[in-house]
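I opened this notebook to record what I looked up, entry by entry. The structure goes in first, and my notes follow.

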Amino acid sequence: MSMLKMAAVAAPFDRDLDGDFARIEKLIAEARTEGVGLLALPEACLGGYLANLDGGAEGPPALTLDGPEIARLVALAGDMVVTAGYCEDGGGVLYNSAVCVTGDGILGHHRKVHQPLRESASYGAGGLFEAFDTPVGRLGMMICYDKAFPESARALALSGAEIVVCMSAWPGSRTNASADLAEDRWKRRFDLFDRARALENQIVWLSANQSGTFGDLNFVSSAKIVDPGGEILADTGVAEGMAVAELDVREALETARRSMAHLRDRRPEAYPVGVG
């Protein structure tokens with residue numbers, strides 16, 4: 001039996017990169033003390049998210065994948081697998097991106113594919129969901145709105161992902177907002193997507209999110225770990241914090257897929273795309 005302790009973070013991040021790294025260093029130290037092997041940090045934790053989604057917001061600092069900031073994250077990760085979101089300078093085009101690292105270097109990279117509201121005014125769109133191997137198993141990554149599309153998680157699961165990490169800067173509702181963030185309809189959607197994507201693909205799901213407020217946005221936090229049956233193992237609720245859970249990932253997947261195996265039992269010929 002090979003147990004993996006995992007952690008998903010809900011925390012605030014802003015334009016102060018040094019402050020962001022100080023917070024990340026503290027989170028990594030806390031996770032290391034607890035024996036965490038996989039730590040999921042939120043979308044845009046290096047430099048903060050957009051101040052609004054109206055199309056004119058000043059963006060975070062643009063970083064390169066091979067630049068000093070990602071190298072700094074690598075150095076902090078050490079023997080831990082860490083995922084983090086940042087604004088990527090893609091050479092003339094900015095991307096809302098995520099990176100997966102250990103102390104040995106970069107293991108995986110993802111550019112956000114699906115763009116809500118006017119995010120496309122600030123970022124180009126990625127075009128691929130692909131799993132990759134890490135010391136803690138085969139991982140897939142996505143960012144925020146990506147999880148509203150079942151094809152995103154399904155593509156990663158079919159690519160062999162055992163664990164999917166979704167990093168978000170997911171706010172409460174823009175209209176008819178609830179006075180109690182725990183009752184907010186956008187929070188309910190956030191939680192439903194997390195559970196549904198884990199269950200329909202029978203995978204382990206880590207959901208990290210920003211917390212607090214930034215610009216016009218009030219983030220729902222709600223970092224969590226979900227098992228392959230769609231059950232929440234740990235959840236921060238609408239507060240800053242770290243959701244921590246331990247699981248034998250391979251055993252959990254095998255158990256979930258033993259009788260009704262959703263990936264095995266698919267009938268792709270029954271649902272062709274773009275026909276007719």
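Entry 1, salt bridges. I count a salt bridge where a side-chain nitrogen of Lys or Arg is within 4 Å of a carboxyl oxygen of Asp or Glu. The model I am reading is predicted. By this rule I get 16 salt bridges.

Lys112 and Glu119 meet through their side chains at 2.9 Å, N to O. Are these two residues buried or exposed? I find both Lys112 and Glu119 buried.

In helix α4 (residues 185-201) I looked up Lys187 and Asp191, which sit four residues apart, about one turn of the helix. Their side chains form a salt bridge of 2.5 Å, N to O, and both residues are buried. I also noted a network of salt bridges that links Lys147, Lys187, Asp191, Asp194 and Lys224.

Next I took the salt bridge between Glu231 and Arg195, at 3.5 Å, N to O. This pair links distant parts of the chain, 36 residues apart: Arg195 is in helix α4, and Glu231 is in the loop between β12 (224-226) and β13 (232-235). Glu231 has a relative accessible area of 43%, so I list Glu231 as partly exposed. Arg195 has 35%, so Arg195 is also listed as partly exposed.

Asp20 is in helix α1 (residues 17-33). I find Asp20 buried, yet without a salt bridge. How far away is the nearest side chain of opposite charge? That side chain is Arg23, 4.5 Å away, and the cut-off for a salt bridge is 4 Å. What I do find is a polar atom of the Asp20 side chain 2.9 Å from the backbone nitrogen of Gly47. Setting aside neighbours within four places in sequence, I list contacts of Asp20 with Phe13, Asp14, Cys45, Leu46, Gly47 and Gly48.

Strands β4 (residues 94-102) and β5 (residues 105-111) run antiparallel and are joined by six bridges. They form a hairpin, with two residues between them. I looked up Val99 and found its bridge partner in β5 to be His109.

Entry 5, the whole chain. I count five helices and 14 strands. The C-alpha atoms fill a box of roughly 50 × 50 × 40 Å along the principal axes. Of the 276 residues, 53% count as buried. Among contacts with a separation of 6 or more, 66% come from residues 24 or more positions apart.

Methods
Residues are numbered from 1 along each chain as its sequence is written. This is a predicted model: local features need pLDDT of at least 70, side-chain atom pairs count only at pLDDT 80 or more; totals for chains, interfaces and linings use all residues. Side-chain values use heavy atoms; hydrogens and water are left out. Buried means under 20% relative accessible area, exposed over 50%, partly exposed in between (1.4 Å probe, protein chains only). Lys and Arg count as positive and Asp and Glu as negative; His and the chain ends are not counted. A polar contact is a pair of N or O atoms within 3.5 Å; within protein, one must be able to donate a hydrogen and the other to accept it, and residues adjacent in sequence count only if both atoms are side-chain atoms. Contact means heavy atoms within 4.5 Å. Two strands pair if DSSP finds at least two bridges between them.
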